[in-house]
Amino acid sequence: MRKFIARRLLQLIPLLIGVSLISFFVMHLAPGDPTALFIDPNINPQELARVRVNWGLDQPIHIQYVKWLWNALRLDFGRSYTSGQPVIVEIAERLPNTLLLMISSYILTLLICIPVGVYSAVKKGGWFDNLFTVLSFAGMAIPTFWVGLMLMLLFAVQLGWLPAVGMFDPLIREKGIVIRVMDVLRHMLLPLIAMTVGSLAGLTRYQRAAMLEVLNQDFIRTARAKGLPERIVIFKHALRNALIPIVTIMGLSLPDLFGGAFIIETIFAWPGMGRLGVQAIFQRNYPLIMGIVMFSALLIVLGNLFADIGYALVDPRIRYEKK
Amino acid sequence: MKKNKLAVFGLSVLGLFVLLAIFAPLIAPYDPSDIVENETLPPSLKHLFGTDDLGRDIFSRALFGARISLTVGLVAVIIAISIGTLFGAIAGYYGGLVDSAVMRFVDIMLAFPSIFLILAIQVMLTPNIYNVMIVIGLTSWMGVARLVRGEFLRIRELQYVEAARAIGASDLRIIFRHILPNATAPIIVAATLGMAGAILTESALSFLGLGVQPPMPSWGNMLMDSQAYMRDAPWMAIIPGLLILITVLSLYFVGEGLREHLNVRG
Amino acid sequence: MLEVRNLSTYFYQEDSVVKAVEGVSLAVAKGETLGVVGESGSGKSTLALSLMRLIYPPGKIVSGEVVFNGRDLMKLSEEEMIKIRGAKISIIFQDPFTSLNPVYTVGDQIAEAVKLHQGLSRREAWQKAVEMLEIVRIKDSGVRIKDYPHQFSGGMRQRVMIAMALACKPEILIADEPTTALDVTIQAEILRLLKELQKELKLSIIYITHNFGIVKQMCERVMVMRRGKIVEEGRIREVMDNPRESYTKGLIDSLKVLNDRS
């Protein structure tokens, strides 16, 4: 087990290097020059040249990459072109906000998709199943950003129940902690729902399929033959087996969740890493873009790793060796 | 069977949309760029979907937007399928180091938050409909590659492939004549789902302003315009989204129907 | 002790009905072993499941009585039937590799039945499970009790199944081709085990198989099934010496061919 984890962690390194290589070269080979966005076009060429040297843009591209890599390994991702702040700091300030949204979305998804998927499978063909199958398909077909817009339209704009943008109301910074937490929660509700809808739909179908497959297994027949009440057959014998694939699937849905985060944060002006990333892209803020790409990739890959570890923990066939 | 009915329904809706898109110039009551009213009107008989903030007829824009979305979806998925099949076939057929190398590459591509990558690329180039199609295709082939690789690994071991090799057929011939035709079923199913995904991605890109550029109407950029007018003209935001939803949903239904019909595993 | 009258089980497909079991009647006395022989598709497994009312849609038991110790099982409520399954009548299945739940220990699965049917405490049930492992001749029962099914070989898993089935000392054991998926040598061990346990526990066994050789070894009486119906039955010697149906003759002859070859 420990060897398994160590081996996977080791595999991470070439993977991340590959990611960095591709990102770096894609971005630097594209037309367009970061300096163009910030410098007064009337600036004298010597000044411009000095800025370029400052930012290391005068070097050949592979040298730039090696320099970047060397620094990155020491967690120095350079400084943002716009704010001058170290990239690491900018990301660190906002990462927790994104994680708050993503982890809440994960938990909410699990809380809903497991009961719904299991019940749909157990009462296959019933009204619940049919209804939620249609809803699942609809949920997968809805553009995430449109859900965000519609939620905003209904609850914020038309009904005024919830705030449309931001993470907190700047006016209440002084109030007590409970009020501030509630305030964040109010702001979080719409983006959270928007983020969850898409993944929820797909995962519910997976859970249903997993449960159906388990219910068809021989050992379920054995359980019934032992005289176990149906309740126990389903909740003890079937469910435990049906939960195993969910761990992996959730890991695999991580990249999509991230993608959703970028868009949702932008719509709702949620101050997270996603929104920062989109802004960085528009600003051609290379150091910041690279930093965010690397962090996202790292989180995605770590997420997959945790999913695999979780799977190994949860399935005794993998956890305990044969004798 | 229920799935069958849904698939037929999806196919009809899709067919309808395709027809509307193809004949848009003939059907559209107004030119999509023309300003035909001087105010923003809700849906009515004169303007089925109302008018937008500039006074353009939304229904006409939506029709032309259908052209964009469907075309982008189709071309992007064709690109993705081609690349994915190529990589998957090579990896699955040759196995060994080639397989490892290709799959490594796939893993790297999968580690990217793809939306982000697409956005980054788009902002470097001047976003227009062509590079939208290409970029989406270039970033969504990985699933197909894995799928095709799996199929090739499976089929490669079957008897008739052994037989063909024994006769001395060349690799290329075996791949194209013997293995590939039997792998088409899952690829077709993946294509429908891929097209749905491409349409969703294009609309997200256009929504952020990095996809199809105005004034060319895309359902995505129509939604971008709608944001500032949510209070006063909510139909601007509701309608294009609904259209995307219906199109993608129809594609899913067709995909599921094909899956059942062609006996493809999940 | 067990009397079945006119049992019929049908499976309803989209546009057809499969009559898996049709008008089957049989009887089993205490301590007796009845063999049920037939090819695949003859309905013998469906018969077994029907006896325990383990038939689910699209299958349906359409008619018949299964009288066990004076009560017709077909007329019982599900709650009452649950008390019979695993406690009075048990069944073991063909594939030991898929018939045990992979995520629970062997001890858990055996103790579960005992706890449920006999109301034992957790510790008592666990103790009983260890005893059962010993009874089916699995060594190191105290240690092995905590292992998972995949940590056992096929033959040993089948022994676990037997332990699980006999834990509550049922009166009847239905064995649905328990050795078909196993090696011939292991098969012999399992058969021997069953015979011993039958004597110890005064068990009645309904042994389902397609192999007449096993029937000859294990059973006093035999029933031949074909396409859902019983085509022949009687004491083993009589049927083997004087098969009435050509079908039965065919089954017996195929056995002879095998024996002659070896």
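## A walk through three chains

Helix H11 of chain A is mostly covered, with 13 of its 14 residues buried. Keep in mind as you read that this is a predicted model.

How far apart are the end C-alpha atoms of helix H11 (residues 254-267) of chain A? They are 20 Å apart, which agrees with the 20 Å that 14 residues should span at 1.5 Å a residue. As background, an α-helix has 3.6 residues a turn, so residues three or four places apart point the same way. After H11(A) comes A:Ala269, whose phi is positive, near 50 degrees.

### Where chains A and B touch

In all, 40 residues of chain A are in contact with 32 residues of chain B. On the chain A side, the elements that give two or more residues are H1 (2-29), H6 (127-141), H7 (144-158), H11, H12 (273-283) and H13 (286-314). Which helix gives the most to that side? H7(A) does, with seven residues. By class, this side of chain A has 33 nonpolar, six polar and one charged residues.

### Chain B

Chain B has eleven helices and zero strands. The C-alpha trace of chain B spans about 75 × 45 × 30 Å along its principal axes. Of the 266 residues in chain B, 50% are buried. Among contacts in chain B with a separation of 6 or more, 70% are between residues 24 or more positions apart.

### The sheet of chain C

Chain C brings strands into the picture. Six of them form an open sheet in the order E6-E7-E8-E3-E9-E10, and the pairing is mixed. Strands E6 (89-92) and E10 (229-235) of chain C stand at the edges with a single partner strand each, so one side of each is left without a neighbour in the sheet. From one strand to the next, the twist averages 15 degrees.

Inside this sheet, E3 (residues 33-37) and E8 (residues 204-209) of chain C pair in the parallel sense over five bridges. C:Gly35 stands opposite C:Tyr207 in E8(C).

| Helix of chain C | Strands of chain C | Angle |
|---|---|---|
| H1 (residues 44-51) | touches E3, E6, E7 (172-176), E8 and E9 (221-226) | about 150 degrees with E7(C) |
| H6 (residues 154-166) | lies across E6 and E7 | about 170 degrees to E6(C) |

Notes: Residues are numbered from 1 along each chain as its sequence is written. Chains are lettered from A and ligands numbered from 1 in the order in which they are written. This is a predicted model: local features need pLDDT of at least 70, side-chain atom pairs count only at pLDDT 80 or more; totals for chains, interfaces and linings use all residues. Helices (H or I, at least four residues) and strands (E, at least two) are DSSP runs, numbered from the N terminus. The expected span of a helix is 1.5 Å times one less than its number of residues. A residue is buried if 20 or more other C-beta atoms lie within 10 Å of its own, exposed if 12 or fewer, and partly exposed in between; C-beta atoms are placed from the backbone. Two residues are in contact if their C-beta atoms, placed from the backbone, lie within 7 Å. Ala, Val, Leu, Ile, Met, Phe, Trp, Tyr, Cys and Pro count as nonpolar, Asp, Glu, Lys and Arg as charged, and the others, Gly among them, as polar. Two strands pair if DSSP finds at least two bridges between them. Axes are lines fitted to C-alpha atoms, for helices over the stretch in contact, and angles run from 0 to 180 degrees between N-to-C directions.
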